[in-house]
Every structure is written in structure tokens, then in C-alpha cells.
Amino acid sequence: MAPLPSRRRQRGRRGRSAARDGHSWIVAIAIALLHGAVPSASQYETIDGHDCFRSLQGVTDAMFDLAASYPTLASVAVIGESYLKSVDDNNDDYPLPQNGYDIYAMNITSSKGRRSSAEKGKAMIISGVHPREFAPPELVMRFAERLLEGYNSDSDITWMLEHTEVHLIFHVNPDGRYVTETYQETSWRKNLNPNRNDCDADEIGTDLNRNYDFQFGNLDGASDDECDETYHGRSPESEPETRAVVEYAKNLFPEGHRKDDPEEAYGESITGVFIDVHSPGGFIFYPWGFKDRTSPDNDTFEPLARKMSSFNGYLLWAGGQPDLQYVTAGDSTDYMYTALGVCALGLELGEDFYEDCALFEDEVVPLNLPAMLYSVSVATRPYYLVKGADILSLSVDASQTEIGGGIGVTVVASNSLRLNSLTDEGYPEIPVQGVAKVQLYFDVHPDDYAEGDLAWEMESVEIDDERHTFELDIQSMVGTASGRHVFYAQATNGDGYPGPVSSTFFDVVRAETPTPTKQPTVSPTRWPTNQPSQSPSKALVTAEPTDAPTLDVTIRRALVLAICFTDCISNEVPFAISKQRSFYEPDQWAHHEPNEFADDRRTNFFADRISNAAAFYSVSNTKSSTASLWVHSATSQHARRRCRSCAIAR
């Protein structure tokens with residue numbers, strides 16, 4: 001789906017530069033997303049003269065290698081056949097493989113988490129529809145590599161793959177790709193169906209992106225001349241490549257989301273995102289494509305396209321937009337939207353069919369991978385989530401103290417910055433409400449939140465232009481295990497719409513035993529509530545509980561030991577506490593001198609201190625936030641020996 005040369009296309013190029021110059025945070029996000037090592041295309045067979053693009057065979061080999069390297073995350077399936085394979089035909093003018101090709105789809109998702117396949121959002125991304133467009137299959141392969149490498153190391157990619165299936169078809173038209181790679185002078189666009197065979201050898205074929213069963217045959221956006229580049233084919237879905245994509249999509253997206261009236265808006269509960277990647281141009285296209293009018297769901301499509309544009313600077317190619325290049329009939333995005341209810345968009349990458357490698361590596365890849373990730377982040381409910389506010393940054397700031405300390409979480413959110421990123425390109429500003437609140441979740445994704453999980457409403461601290469800053473200082477969280485944890489944040493705008501989730505990993509580790517004090521130096525920490533706090537305090541996250549808290553099993557056991565061993569003296573003993581279980585580590589207990597408390601106060605002091613055990617996060621001053629959890633209790637030298645046998649026996 002290549003754009004015609006126009007003044008607006010040139011303006012689109014300037015728009016990309018403006019986006020990069022005016023929004024340095026976009027580039028920073030792109031660089032962060034690309035921090036992982038991406039296998040070089042040169043490790044596989046590449047296209048002659050274009051070493052940054054893997055060939056048809058190179059992409060296929062890389063796909064199977066990824067599936068073998070990540071067997072729990074990636075799988076490959078044959079979903080159809082190319083024209084040549086379906087008919088076992090050949091063209092005498094161009095020697096072609098007699099058997100044609102299988103068409104493959106890769107599914108990337110994680111079986112971990114709480115959701116079955118039926119409960120997950122679905123994202124379907126296709127490329128290689130027009131073979132002369134070298135960049136799209138390589139970009140989609142880079143995207144696959146980014147997802148697989150990022151799982152379990154990038155917190156956002158991790159939750160996306162646990163809540164979403166990402167289905168990728170790298171080469172929809174492998175026959176045509178073979179021709180354009182082998183005979184680059186042909187600049188091949190269509191498949192290899194000769195139809196009535198009335199055309200020259202380099203004119204045969206059907207344009208697969210005019211062959212879908214919506215507005216098929218509308219000559220405003222397609223051609224009925226089989227020698228033309230936009231020939232729509234003999235009938236809707238006449239081509240095996242089109243049928244492969246359609247049948248795969250029908251099996252992927254819920255049947256209950258479909259409708260009969262294309263002018264009827266879909267509900268906000270619809271799931272699924274579809275992206276068709278093409279080149280060149282620097283555009284994001286979406287329905288309507290067949291006419292210069294907005295679709296019934298333009299309040300979803302335009303915001304999503306604008307927000308994706310905040311990453312790549314691309315202009316909007318759609319009905320009702322100033323940068324509509326020309327209309328298209330029978331194309332993939334209009335069909336996926338009207339027939340299947342999917343939130344369907346497309347990308348026009350770069351500046352040339354046979355893209356310059358330097359531009360591809362410096363602009364196309366780093367600007368479009370974040371845009372594609374954003375689309376996946378809303379795939380569970382795109383018609384709903386895209387209307388909400390966005391998290392621009394989520395950071396954990398940790399400070400270390402001898403006893404105590406805390407974790408500070410800062411979120412910067414906006415309801416307008418991404419939405420109105422194209423105003424410098426002449427697009428009107430969309431008036432919106434500000435950010436009403438930000439919810440922070442501990443170790444549970446907002447969609448999986450249940451009673452008993454930890455969540456807080458963060459405190460608004462600053463509004464600077466279009467950015468709204470929220471903070472939360474967590475000083476005490478009893479029952480946290482050492483190891484890696486996750487904070488999830490979600491911003492809600494003034495209209496009540498929550499936006500896509502953002503997250504970050506952080507580590508909780510055990511600290512060295514601190515020097516004991518003669519008396520508690522910090523007031524007993526209150527226990528956190530499980531429901532979001534309406535007015536969190538920077539110093540103390542939670543409110544006073546109305547009922548007596550249920551003691552953690554570790555504390556209850558320690559209290560029993562304290563009652564039994566009345567000759568105890570105050571010491572400080574580290575315990576690792578988990579929500580699920582407790583661990584006693586007697587071999588690591590510190591040996592301290594007795595304190596000066598009188599015998600008749602020992603038991604009372606010990607019981608009081610245990611029942612109000614103060615747990616503090618103490619965080620090391622390193623790049624990766626780390627934290628330590630301590631429970632302060634008391635036991636004597638004699639009790640320590642007795643406790644060892646008791647604890648281990650249990």
C-alpha cells in the first residue's frame with residue numbers, strides 16, 4: 001500500500017524530524033526498548049545489496065530458530081499456501097520454485113500468569129503483502145526478537161505476553177517475495193496468479209490488499225484491469241494468500257464481536273488489534289480507507305493512531321484526515337474492522353520500497369518498535385483503554401538507612417501529550433480532561449486485582465504543562481518475600497477512562513543484621529490495607545486498621561516462643577517473610593550481648609515488640625532498586641537453642 005508522491009508526504013518526513021527533536025523522551029523510550037541484543041540480520045541469508053534485510057529464506061530460518069530457542073513462548077504454524085503451491089504452477093519467463101511456499105504464523109505468548117488463551121487479548125501483525133516493500137518483514141522479525149528477548153527482563157513485555165497473544169505473519173506473499181528478491185528490477189507488488197494470462201509477464205497477479213471481502217470491486221479504490229498494480233482479483237478472497245489471512249483471523253478474534261451493519265459503532269468491550277505493515281511513506285492508516293469519511297469508531301482509531309504517532313512522528317492516512325493520500329477498496333484494515341470487529345490499523349514505513357539500510361536502522365526500527373509495543377499494550381480492550389490517560393514514566397527511588405528506610409515511587413502521566421503530538425503538523429488539538437488519579441499495584445496486574453492484593457492511590461504532587469506527577473513513599477509492607485517484585489501503574493483521566501498499564505521490576509534483598517538499640521527507635525509500623533487508599537500519605541501509606549490485624553505465621557510462632565521462654569533478652573533476629581510461607585534461618589541468627597531490661601519486663605516487652613513487629617524496606621543506593629526486609633524480635637541465648645529445634649521440626 002504505497003503512497004503516491006505528494007506535498008503531504010514531504011511534510012510527513014519533516015514531521016518525523018520534528019517529533020525526534022521536540023520530544024527527546026520518545027527517543028529515550030526507543031533506546032530503552034532496544035537495550036537488548038538483537039541478532040544481526042547478517043547471521044542469516046540477506047537480500048543482495050541490502051544486508052540489513054533478511055531474505056525470505058533468512059526470515060523463515062530465523063523464525064524457526066526463535067521457536068526452538070524460546071519453546072515456552074513461541075510456536076509456529078502453517079496457516080495456508082501461496083498461489084504457486086496451491087496450483088503447482090510456474091511462469092516460463094521467470095524460473096520459480098515449482099512447489100511454491102507455505103505461509104507461516106508465529107504465536108508469541110507466555111503460559112505463565114492467570115489467563116488462558118481464550119481470556120487473553122489478541123494482536124495480529126502481518127507484513128510482506130507487497131513483496132517489493134523490503135522493510136516490513138524485517139521490522140516484524142525485529143519485533144518478534146524484541147518480545148522474546150524482553151520476556152522476564154522487561155517488565156512491560158512480560159505482562160503483555162502474560163495477558164496477550166501476539167500473532168505474526170512475516171510473509172503473506174512469499175511467491176512474490178522470491179521474485180522481487182531474485183529479480184529486483186521487477187519491483188514486484190502482486191501475487192503470481194496469472195488470472196486470464198492476458199498481461200505481460202511482469203504485470204500478472206492480484207493485489208492482495210484489494211482482495212478482501214469489504215467494498216470489493218469498488219473502483220474508486222481498486223482496479224478491474226488485471227494488468228494494473230491494484231487489480232482486485234476475480235472475486236472476494238479469490239487468492240489463497242488472502243484466504244489464509246482471513247481464516248486465521250476468524251479463528252483468532254471472537255465471533256461474538258462481529259456485526260452486520262458496518263456503520264454501527266462497536267462497544268468498548270471489544271478485544272483485539274490488527275496491524276498491516278507496509279512501506280514507504282511515514283503514515284499510520286486506519287478506517288475508513290474506502291471513502292473520505294470517519295468511521296463510527298473514530299473516537300478509538302484516531303486517538304490510537306495519534307498516540308502511536310507520538311513515537312514515530314507519522315501522519316494519519318484515513319477518511320476525514322488532511323493526509324488521506326487516496327482511497328483503497330477491499331483492503332485488510334477496513335475488512336478486519338467491519339467483518340471481525342478488530343481495531344485495525346496499518347503502518348507505512350520509511351521512504352523507499354528498497355529502503356536504505358542506514359535509515360532503516362537509525363529511524364524505522366527505533367521509532368516503530370515502541371509504537372508497535374504501544375498497540376499491543378491496549379490489545380485486551382483497545383476501544384476502551386486508548387481513551388484513557390498514559391503513563392509516561394514509572395520510577396522507583398530507594399534510599400538506604402541503618403534501620404527503616406523506604407521506597408519512593410514516582411509516576412509521570414498525561415492525558416494529552418501523546419494524544420496531541422501532531423498539533424505542530426496542522427492537526428487540531430483534541431480537548432481532554434486531565435489525569436484524575438494513578439493507581440499503584442504491588443505484584444498484581446490491575447486486570448487481575450482481587451481482594452487481598454496490595455494497591456494504593458498515589459498522591460498528586462505537581463502539574464507541569466501537560467505532565468502530571470504522582471508520588472508514593474512506602475515505608476512499611478509486612479509480609480514481603482525477598483527477590484524480584486513488580487509495581488504496576490495505571491492512570492485514569494477525568495472522564496473515568498483508565499489507560500494502558502506501565503510497570504517496573506525491583507528487587508527486595510536481605511540486609512546485614514543492624515546494630516541493636518536499647519529501645520525501639522521507630523514507632524510500630526501500621527499494617528497496610530489491601531484496598532486502594534484514597535489519600536495516601538507520603539510518610540505512611542496505610543490508614544489505621546479498624547480491626548486487629550491477623551498476625552503473620554512467623555510472628556505468631558515467635559510470640560509463642562516468647563511466652564514459653566521467659567528468660568529471653570532483647571536481640572534482633574532476621575526473618576525472611578513471605579505471603580505464602582515463612583522461613584527460619586537459625587544458622588544465620590546474630591549473637592548479641594544481653595540488654596539492660598529488667599527480668600520482670602522481658603516477657604512483656606518481647607511480646608509487645610513481636611506483636612507490633614516493625615518491618616522496613618531499606619533500599620541500596622544502586623541503579624537497580626533493591627530493598628531489605630527486617631522483622632525485629634527478641635530471644636535469649638538459651639531460647640535461641642530451644643527455638644532452633646522447634647522451628648526446624650515444624
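Let's start at F53, which sits in strand β2, the run covering residues 50–54. Keep in mind that this is a predicted model. F53 has 0% relative accessibility, so it counts as buried, the cut-off being under 20%. What does F53 touch, once neighbours within four places in sequence are set aside? Its contacts are T46, I47, F134, A135, E138, E355, C357 and F360. Take F360 from that list: F53 and F360 are 307 residues apart along the chain, yet their C-alpha atoms are separated by 9.4 Å.

Now for the helices. Helix α3 (residues 56–69) packs with helix α5 (residues 135–150) at an angle of about 15°, and their axes are 11 Å apart. Since angles under 35 degrees count as roughly parallel, that is how α3 runs relative to α5. The crossing of the two is left-handed. On the α3 side, the contact is made by V59, A62, M63 and L66, while α5 brings M141, A144, E145 and L148. Sort the residues of this α3 with α5 contact by type and you get seven nonpolar, no polar and one charged.

The largest nonpolar core has 108 residues, and M124 and F143 are the ones that touch the most other members. Which helix gives the most to this core? That's α11 (residues 357–377), with 10 residues. As for F143, leaving out residues up to four places away in sequence, it touches I125, V166, L168, L369, M372, L373 and V376. There is also a second, separate core of 23 residues, with V411, L440, L454 and F470 among them.

Note on methods: Residues are numbered from 1 along each chain as its sequence is written. This is a predicted model: local features need pLDDT of at least 70, side-chain atom pairs count only at pLDDT 80 or more; totals for chains, interfaces and linings use all residues. Side-chain values use heavy atoms; hydrogens and water are left out. A nonpolar core is a set of buried Ala, Val, Leu, Ile, Met, Phe, Trp, Tyr and Cys residues joined through side-chain atoms within 4.5 Å. Buried means under 20% relative accessible area, exposed over 50%, partly exposed in between (1.4 Å probe, protein chains only). Helices (H or I, at least four residues) and strands (E, at least two) are DSSP runs, numbered from the N terminus. Contact means heavy atoms within 4.5 Å. Axes are lines fitted to C-alpha atoms, for helices over the stretch in contact, and angles run from 0 to 180 degrees between N-to-C directions. Angles under 35 degrees count as roughly parallel, over 145 as roughly antiparallel, 65 to 115 as roughly perpendicular and the rest as oblique. A crossing is left-handed if the near helix is turned anticlockwise from the far one by less than a right angle, and right-handed if clockwise. Ala, Val, Leu, Ile, Met, Phe, Trp, Tyr, Cys and Pro count as nonpolar, Asp, Glu, Lys and Arg as charged, and the others, Gly among them, as polar.
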